[in-house]
Amino acid sequence: MTLRLHNTLTGTDQIFESQTPNLVRLYTCGPTVYDYLHVGNWFGYIAWDVLVRVLIANEYEVERVLNITDVGHLVSDGDEGQDKLEKGAKREGKTAWDIADFYSQDFLKGVDRLGLVQPQHIVKATDYIPQQIELVRTLKNKGYTYQIDDGIYFDTSKFPSYADFAHLDLKALQAGARVEFNPEKRNHSDFALWKFTPESEKRDMEWETPDDILEYRSEKIEDSESSNKKNPSGEQPVMGFPGWHLECSAMAMSILGETLDIHTGGIDHIPVHHTNEIAQSEAATGKTFSKFWLHNNHLKVDGTKISKSLDNGYTLDDLAKKGYSPDDFRMFALQTHYRTEGNFTFDNLTSAKNRLHNWRNIAALRHQTHDTLRDDDDKCTDDKSVSLYATAQAVLAALNEDLNTPAALAIVDDAFSRLTHTRLDDIHQHAFVQLLETVDELLGLRLVANSPDVSDDIKMFIIKRQQARERQDWQTSDDLRKEIEKSGITVRDTAHGPIWEYLD
Ligand code: AMP
Ligand code: ZN
């Protein structure tokens, strides 16, 4: 089957091919761990989870890096303002290291709760400082960097295709530059590779700047030294920390190689973060940094941008407190195509929850066919099994069109609705189970795991209740229904006999 993905690099849907047959080198920009992740962040990670699942279904082995930004991401997303981690530390009266550790653990718990396929490499920026310094060194040796008072910068005018990726109008950006734009920078779009610890700030996270990446030691730098340590030449070290963009290039290239197959992130990353990643990586290697770039659109909440001031960035815990499971949220996320702007409302989440509940009840029908395996074999050639097998193929085909999850869900809905109109004994069990497994593999909704069979006692009660109904003993039938409902199961009477379902 052909897999087509929308590539931001070319602005078109392109047939995906990896550089090495059957192997995909994939990098995903991870969270900045200074707070809990909100539904918008998770919306993106669910999209990239579907991407991984679809690649695997297309018989690729996926080697994936997901980074954890635990240093260097400033509140402005650019080079001004406080480091988000250091700010979070002050807010909570802890160190930046503690903050990073706490919210990283919470992120990993969320990955688990949502059943996201685990990336092979989940890496922290602070564990890759030497690789980031090495990249600055390479760029300096190639003449792409310059030093100013507060750090070492990438000179974007030396990378002629800088504006291409995001179709930036650099002249207009320069003209509209804000007043606080650092006048020492040569161009508005230049960005910090390495920042020096500011005079006024006591940072928890800082590292020695190797002398060979410095062009000079300014008086300001000398003044700012908070450490009493001396380096081998007897001078106090210049303390600093990496710029946010640097970490992704350094980690991606040191683990996956100089050219990735796919790089993913949110659309907000296109004009700055990813543009800068491309500039610094390609300037260093002379090679294409990533063949494909995929970007998820943003999720709004009640039609509004998610923001701290509105306190509308719901977390997975917020949803749990209101009775919604991570799978309910996953179903909600899948209902919007990843490149479409999403809108989170509790009404939308409730309808996703109901849809998933309905799907679980349909998945439970597999326990309720009364036939033997032999009967099942005899049904192999009939239309029903053929159409169930075809449904599994159609779901993958929909996802192969730029991860069209809403279309995939509609195909499953259609097949499930046909099943509810089928006599239980006419359902081809093997084909049905295979469809459920395919849906789980591709969409991660855990239908099989979350639709267990009922106990033998319940089965017995259901039979007895049916017998009571047949002899019109309504009292016994009602009593048995109540007994059954104590186990969270209800019974629906159909023209073909009773069908049990989960109450919630
Ligand atoms: P951050 O923690 O800010 O580095 O963001 C982590 C990821 O979430 C990035 O890929 C962002 O682009 C993405 N993101 C942030 N806000 C939203 C949103 N409202 N909807 C979807 N993705 C988002
Ligand atoms: Zn990144």
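Good morning. I begin with a contact: an oxygen atom of ligand 1 lies 3.2 Å from a backbone N or O atom of Gly266. I call this a polar contact, that is, a pair of N or O atoms within 3.5 Å. Of the 490 Å² of accessible area that ligand 1 has on its own, the protein covers 89%; such areas come from the Shrake-Rupley method with a 1.4 Å probe.

This is a predicted model, in which local features need pLDDT of at least 70 and side-chain atom pairs count only at pLDDT 80 or more, while totals for chains, interfaces and linings use all residues. Residues are numbered from 1 along each chain as its sequence is written, chains are lettered from A and ligands numbered from 1 in the order in which they are written, and side-chain values use heavy atoms, with hydrogens and water left out.

Let me return to the ligand. A backbone N or O atom of Thr32 lies 2.9 Å from an oxygen atom of ligand 1. From the side chain of Asn296, an N or O atom is 3.3 Å from a nitrogen atom of ligand 1.

How many residues surround ligand 1? There are 16, and the closest are Thr32, Gly40, Asn41, Asp268 and Leu299; a residue counts here if one of its heavy atoms lies within 4 Å of the ligand. By class, four are nonpolar, 11 polar and one charged. In this scheme Ala, Val, Leu, Ile, Met, Phe, Trp, Tyr, Cys and Pro are nonpolar, Asp, Glu, Lys and Arg charged, and the others, Gly among them, polar. Helix H1, residues 39-57, gives the largest share of this shell, three residues; helices are DSSP runs of H or I with at least four residues, and strands are runs of E with at least two, numbered from the N terminus.

I turn now to the loops. Most residues other than glycine have a negative phi. Asp77, however, has a positive phi of about 70°, and Asp402 has one near 50°. Asp77 is found between strand S4 (61-68) and helix H2 (84-92), Asp402 between helix H13 (383-399) and helix H14 (405-420).

Which of these is buried and which is partly exposed? Asp402 is buried, at 4% relative accessible area, whereas Asp77 is partly exposed, at 26%. Buried means under 20%, exposed over 50%, and partly exposed in between, with a 1.4 Å probe and protein chains only.

Finally, Ser325 lies in the loop between helix H9 (316-321) and helix H10 (326-334), and is partly exposed at 29% relative accessibility.

Definitions and conventions: Polar contact = N/O pair within 3.5 Å; in protein donor to acceptor, adjacent residues only side chain to side chain.
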